[in-house]
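Visitor: I've got this model open and I'd like a close look at one part of it. Could you pick out a helix and walk me through what surrounds it, going slowly enough that I can follow along in the viewer?

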Amino acid sequence: MANLLSQIGNKIIPTETLPAAVDAQSPLTPSELSVLRGQHDNEQAKGWVTVQTKFNLAWGLVKSNDRVEVGEGVGLLMEIYRAEPTRRRECLYFLAVGHYKLGNWSEAKRYNSLLLEKEPTNFQAQSLAGLIDSAVAKEGYVGLALAGGAATVAGLVLTALFSSKRR
């Protein structure tokens, strides 16, 4: 079967990963996110935000295509992860997704690996692992190309310098 691709937000995703990747990469509408933010703000004004409300907002923010919102969601998830040991497992996947969307491949891989240690058959985590590995490989190829280009330019400059000294 051909490797079909779909675009979600600003990411191109292989179709076979879509069932697991779509949820994390399809943003909420502004009105949906506004409802989650409103609930969070109402509770905060009363002096207490429940863990579930904080998680719901973090989930909505991580799904965003806006890097600032994704970063805010990762921050909320980290607060939950640190303060609520019983909620760590459910934070792991969205921490991995958030870091993936921010381009923090090593952090994405770390959180996703922690989830896969706990749940080796988790399809979402397996799918995300493939996306992370593809992104790391792509970044590696770009880095190699840039390094190769820089080496070529340096070689040409040295050749020109040595050629001019011989004259």
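Guide: Let's start with charges: the structure holds six salt bridges. Keep in mind that this is a predicted model. One of those bridges joins Arg37 and Glu72, with the closest N and O atoms 3.0 Å apart. Arg37 sits in helix H2 and Glu72 in helix H4, so this pair ties together parts that lie 35 residues apart in sequence. Both ends are partly exposed: Arg37 has a relative accessible area of 26%, and Glu72 has 33%.

H4 takes part in another bridge too. The side chains of Lys54 and Glu79 meet at 2.8 Å, N to O. Here Lys54 belongs to helix H3 and Glu79 to helix H4, so the pair ties together parts 25 residues apart in sequence. Glu79 is partly exposed as well, at 40% relative accessible area.

Before zooming in, here's the setting. The protein chain has seven helices and two strands, and along the sequence they run β-β-α-α-α-α-α-α-α. Of its 167 residues, 35% are buried. Among contacts in the chain with a separation of 6 or more, 52% are between residues 24 or more positions apart.

Now the helix itself. H4 has 17 residues and reaches 24 Å from its first C-alpha to its last, close to the 24 Å expected at 1.5 Å a residue. At its start, a side-chain oxygen of Asp66 comes to within 2.8 Å of the backbone nitrogen of Val68.

Which residues of H4 are buried? They are Val70, Gly73, Val74, Leu76, Leu77, Met78, Ile80 and Tyr81. The cover over these buried residues includes H3, H5 and H6.

As background, nonpolar side chains tend to be buried together in soluble globular proteins.

Thr53 lies in helix H3 and counts as buried at 3% relative accessibility. Beyond its neighbours within four places in sequence, Thr53 is in contact with Gln39, His40 and Glu43. Pick up His40 from that list: His40 is in helix H2 and is buried, with a relative accessible area of 9%. Setting aside neighbours within four places, His40 is in contact with Val49, Thr53, Lys54 and Leu57. That brings you back to Lys54, the residue whose side chain meets Glu79 in a salt bridge.

Gln25 lies in helix H1 (residues 18–25), and Gln25 is buried, with a relative accessible area of 3%. Gln25 and Asn65 are 40 residues apart in sequence, yet 7.9 Å apart in space, C-alpha to C-alpha.

On the H5 side, look for one more charged pair. The side chains of Glu119 and Arg89 meet in a salt bridge at 3.1 Å, N to O. This pair links distant parts of the chain, with Glu119 in the loop between H6 and H7 and Arg89 in helix H5, 30 residues apart. Glu119 is partly exposed at 22% relative accessible area, and Arg89 also counts as partly exposed, at 39%.

The protein chain exposes about 10000 Å², and carbon and sulfur atoms supply 60% of that.

Methods: Residues numbered from 1 in each chain as written. Predicted model: local features only at pLDDT ≥ 70, side-chain atom pairs only at ≥ 80, totals over all residues. Heavy atoms only, no water. Helix = DSSP H or I, 4+ residues; strand = E, 2+ residues; numbered from the N terminus. Buried < 20%, exposed > 50% of the residue type's maximum accessible area, 1.4 Å probe, protein only. Contact = heavy atoms within 4.5 Å. Areas by Shrake-Rupley, 256 points an atom, 1.4 Å probe, with all protein chains shown as cover. Salt bridge = Lys/Arg side-chain N within 4 Å of Asp/Glu carboxyl O. Expected span 1.5 Å × (residues − 1). Polar contact = N/O pair within 3.5 Å; in protein donor to acceptor, adjacent residues only side chain to side chain.
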